[in-house]
Amino acid sequence: MPKTTLAVRADEEPWTPAEAKAVREELVGDLARLRTELDHSARDLQDILAGGVDGAGNDQADVGSNSLERDAELSLAANQRELLLQTEKALARLDDGTYGVCEQCGEPIGKLRLMAFPRATLCMDCKRREERR
């Protein structure tokens, strides 16, 4: 059963039920959208790979174009998979009551940060430290 009170910083107002519901609905919507996009990407990638990768009968420009298209599709699919995993993790954190708590320091992440990026797992201080590395 989902925890009803979410972590907030001392200078923030508590989450209202409507705000918490809106975050959950956004994440659930993102999950469905990402799954659909991943299915499309998988089909597109299959089509690209079905065309062959050896370049037989194609000129150099065609081979290069096909390689570029394949690499772009692989990159897109990897990004979509990562977002899907982050979204699933955020929903699990909502369910187990750890949503809004920084995974590194254990302090609240910040309501405004989570409203802007609901998949956030680190507070701003910990995120800055991570990015400096």
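In helix α1, the buried residues are A20, V23, L27, D30, L31, L34, L38, S41, L45 and I48. The model is a predicted one. Helix α1 covers residues 17–50, which makes 34 residues. From its first C-alpha to its last, α1 reaches 49 Å, close to the 50 Å expected at 1.5 Å a residue.

The chain as a whole has four helices and zero strands. Read from the N terminus, its elements run α-α-α-α. Of the 133 residues in the chain, 29% are buried.

### The second largest pocket

The second largest pocket holds about 170 Å³ of space. Which residues line the second largest pocket? The lining is made up of Q86, K89, R113, F117, R119, A120, T121, L122, K127 and E130. Sorted by class, this lining has five charged, three nonpolar and two polar residues. Helices α2 (60–96) and α4 (124–132) each supply at least two residues of the lining.

One of the lining residues is K127, and K127 lies in helix α4. K127 counts as partly exposed because its relative accessibility is 27%, a value between the 20% and 50% cut-offs. Its C-alpha atom is 9.5 Å from that of C102, a residue 25 positions away along the chain.

E26 has its place in helix α1. With a relative accessibility of 37%, E26 counts as partly exposed.

G97 is found in the loop between α2 and α3 (111–116). Is G97 buried or exposed? G97 is buried, because its relative accessible area of 13% is under the 20% limit. The C-alpha atom of G97 lies 7.0 Å from that of L6, and the two residues are 91 apart along the chain.

V8 belongs to the segment before α1. Its relative accessible area is 22%, so V8 counts as partly exposed; the limit for a buried residue is under 20%. Between the C-alpha atoms of V8 and P108 the separation is 5.4 Å, and these residues are 100 apart along the chain.

| Residue pair | Separation along the chain | C-alpha distance |
|---|---|---|
| K127 and C102 | 25 residues | 9.5 Å |
| G97 and L6 | 91 residues | 7.0 Å |
| V8 and P108 | 100 residues | 5.4 Å |

### Aromatic rings

How many aromatic pairs does a search of the whole structure find? The search finds one. A charged side chain also sits at a ring: K111 lies over the face of W15. The distance of K111 from the ring centre of W15 is 5.7 Å.

Technical notes
Residues are numbered from 1 along each chain as its sequence is written. This is a predicted model: local features need pLDDT of at least 70, side-chain atom pairs count only at pLDDT 80 or more; totals for chains, interfaces and linings use all residues. Side-chain values use heavy atoms; hydrogens and water are left out. Rings of Phe, Tyr and Trp (its six-membered ring) pair if their centres lie within 6.5 Å; planes under 30 degrees apart count as stacked, over 60 as edge-to-face and the rest as tilted. A charge sits over a ring if NZ of Lys or CZ of Arg is within 6 Å of the ring centre and within 35 degrees of the ring normal. The expected span of a helix is 1.5 Å times one less than its number of residues. Buried means under 20% relative accessible area, exposed over 50%, partly exposed in between (1.4 Å probe, protein chains only). On a 1 Å grid over the protein atoms alone, a cavity is a set of points where a 1.4 Å probe fits but cannot get out, and a pocket is an open set with protein on both sides within 12 Å along at least five of seven lines; lining residues have an atom within 4 Å of a point. Grid points are joined across faces, edges and corners, and a volume is the space filled by probe spheres set on the points. Ala, Val, Leu, Ile, Met, Phe, Trp, Tyr, Cys and Pro count as nonpolar, Asp, Glu, Lys and Arg as charged, and the others, Gly among them, as polar.
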